[in-house]
Amino acid sequence: MKTTFIKNIAFTATLALGMLGCTDDLDQVPKYEDTSANIYKDFGNYKSILAKAYSGLALTGSQGPEGNPDIKGGNEGFSSYLRQYWQLQELSTDEAVISWTDAGLPNLHSMNWTSTNQFVEALYYRIFYQVAICNEFIRETTDGNLSERGITGANLEEARHYRAEVRFLRALSYWHAIDLYGSVPFVTETDEVGSFFPKQISRADLFAYLESELKAIETELVPARQNEYARADQAAAWTLLTKLYINAEVYTGQARYTDAITYAKKVIDAGYTLEENFEHNFLADNDQSTEVIFPVAFDGLRIQSYGGMNYILKGPIPRGKNVEYGIDAGWSGPRATKNMVDLFPPIGSGIDEREMFFTEGYTLEINSVASETDGYPIIKFKNITSTGQPGSHVIFVDTDFPMFRLADVYLLYAEAVLRNGQGGSRGEALGYVNDLRERAYNNTNGNITDGQLTLDFIIDERGRELASEAVRRTDLIRFGRFTEDSYLWPWKGGVQEGRGVESYRKLYPIPQSDLIANPNLDPKVNGY
């Protein structure tokens, strides 16, 4: 069961959004219908506004699945933060094609998107709306403001924890920005409230800011595993730092693998344990998982969206397959390429529990991306509990999205060791990898030897372990396999056999609408 905080997230988001007006220009800070002084004077409002900061990753507005959206224009379900993050991370890779022909969607896998692509725009504006929400909370909860409002004692300490959590959420969104868009407009709580033209920050400077920010809040967050479910704690910040450092060479040109080992080890030592059953991480009661570090929470009754996990879970499920997955209907959308299938033992062998392909009525080869039956869907998430019971709602799912989990950190640690980071142990790295293999292979025939532990093995193992968890694009870029012609998959670059594409495709473009609106932005910085 979800905690009270998460169960009430939709209600509290509505309260918070009652204070906010919609805006089409997401470089602006939120517009308040009431004054901040009145809202923040009462500490009883703080958790409601905190909930809004979290719900921005899951919900699209203040009226359930649709109606009164945060961002005007376009389909509200399409604009979901998590939905678009998943699409930009997965549909551009060997993990997924999609049969739907919405304008701009086929271009993600073809890798020929433009700065007017509606899906590239949707995530960009979600990121900066989220940043704006966070900036306002951070601005209003300084020690000085809290003191002026008479917030003291236990409430003061709680407010400081809230502020640190929102700083983490802002850092998470800026990490998505640096990873997906590179050099972007930059706004913090120190900027004046109102409409202005944010300046563009370099990728290296944004990296330095994120590193500094995450280290600054490290001791201000609640200790690892001590916060309410789905709220950030120290381990969430350590995991984000690990991901920042493992990708530092991509972002800045300077390797930081020793730092990645340091922070991965902090997470590993924090008391998380692998779920005995791999599948339990992806079911309707995965809020009980012992290895999820930071989730995006959903609840079929209270956290409803046509994006988010509703899309990620239902998207690949075939039409007509509903009862066995706890849903009203499958959507027959994303399917995997044969590259992903080939990472696993023979389909149907039952050797690796992570092999979750649906094959009946489908073909391995993708002769047409638009065909719903070309390519095997990966059905990893289900709206069924670990005891076999359906979720609370068939239209909207209970299953949470595991943004960060321990298995990922194990593999990041092993990778950093193999990339010659200092302070780690090759023996430990092998042990962590084999822990995952033992679980996947039911403790039989899964272990690898030291000689098999290579970077090529790690990228393949990440594909097996983390499929559909929105890490593939970032991984392929880090391993030099995303745009390069040395690694191809079906329909990469828009041709059936696959082809290499321009190196600037490692980033998505800043939307044309923002380039027009903000004269401080230069698309050439990102290669476009």
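This is a predicted model: local features need pLDDT of at least 70, side-chain atom pairs count only at pLDDT 80 or more; totals for chains, interfaces and linings use all residues.
Take Ile395 as a way in. You'll find Ile395 in the loop between helix 15 (338-341) and strand 8 (401-405). Its relative accessible area is 34%, so Ile395 counts as partly exposed.

Now let's go inside. The largest nonpolar core is made of 156 residues. Those with the most contacts inside this core are Phe168, Trp175, Tyr181, Phe294 and Phe401. Helix 9, which covers residues 153-180, gives the most to the core, at 14 residues. What does Phe168 touch, once its neighbours within four places in sequence are set aside? Its contacts are Leu214, Ile217, Ala232, Ala236, Ala237, Leu240, Phe294 and Phe404.

Charged residues have their own story here. Side chains of opposite charge can pair when their charged atoms come close. In this model the count comes to 48 salt bridges. One of them joins Glu165 to Arg231, with the closest N and O atoms 2.6 Å apart. Glu165 sits in helix 9, while Arg231 is in the loop between helix 10 (203-217) and helix 11 (234-246), so this pair ties together parts that are 66 residues apart in sequence. Are these two partners buried or exposed? Glu165 is buried, at 1% relative accessibility, and Arg231 is buried too, at 5%.

An α-helix has 3.6 residues a turn, so residues three or four places apart point the same way. Lys215 is partly exposed, with a relative accessible area of 38%, whereas Glu211, at 13%, counts as buried.

Next comes a salt bridge between Arg405 and Glu291, whose closest N and O atoms are 2.9 Å apart. This pair links distant parts of the chain: Arg405 belongs to strand 8, Glu291 belongs to the loop between helix 13 (257-268) and strand 6 (292-296), and 114 residues separate them. Both Arg405 and Glu291 are buried. They're also part of one network, joined by salt bridges that share partners, whose members include Asp352, Arg354, Arg437, Glu461, Arg464 and Glu465.

Arg464 has a relative accessible area of 8%; since buried means under 20%, Arg464 is buried. Leaving aside neighbours within four places in sequence, Arg464 is in contact with Leu343, Phe344, Asp352, Arg354, Arg437 and Phe457. For a sense of distance, Arg464 and Ser80 are 384 residues apart in sequence and 26 Å apart in space, C-alpha to C-alpha.

Helix 18 itself has 12 residues and reaches 16 Å from its first C-alpha to its last, close to the 16 Å expected. Why can we call helix 18 largely enclosed by the rest of the structure? Because 9 of its 12 residues are buried. Among them are Phe457, Ile458 and Ile459, along with the charged Glu461, Arg462, Arg464 and Glu465. The buried residues of helix 18 pack against helix 15, strand 8, helix 16 (406-418), helix 17 (426-440) and helix 19 (472-478). Just after helix 18, Ser468 takes a positive phi of about 70°.

Methods: Residues are numbered from 1 along each chain as its sequence is written. Side-chain values use heavy atoms; hydrogens and water are left out. A nonpolar core is a set of buried Ala, Val, Leu, Ile, Met, Phe, Trp, Tyr and Cys residues joined through side-chain atoms within 4.5 Å. Buried means under 20% relative accessible area, exposed over 50%, partly exposed in between (1.4 Å probe, protein chains only). Helices (H or I, at least four residues) and strands (E, at least two) are DSSP runs, numbered from the N terminus. Contact means heavy atoms within 4.5 Å. A salt bridge is a side-chain nitrogen of Lys or Arg within 4 Å of a carboxyl oxygen of Asp or Glu. The expected span of a helix is 1.5 Å times one less than its number of residues.
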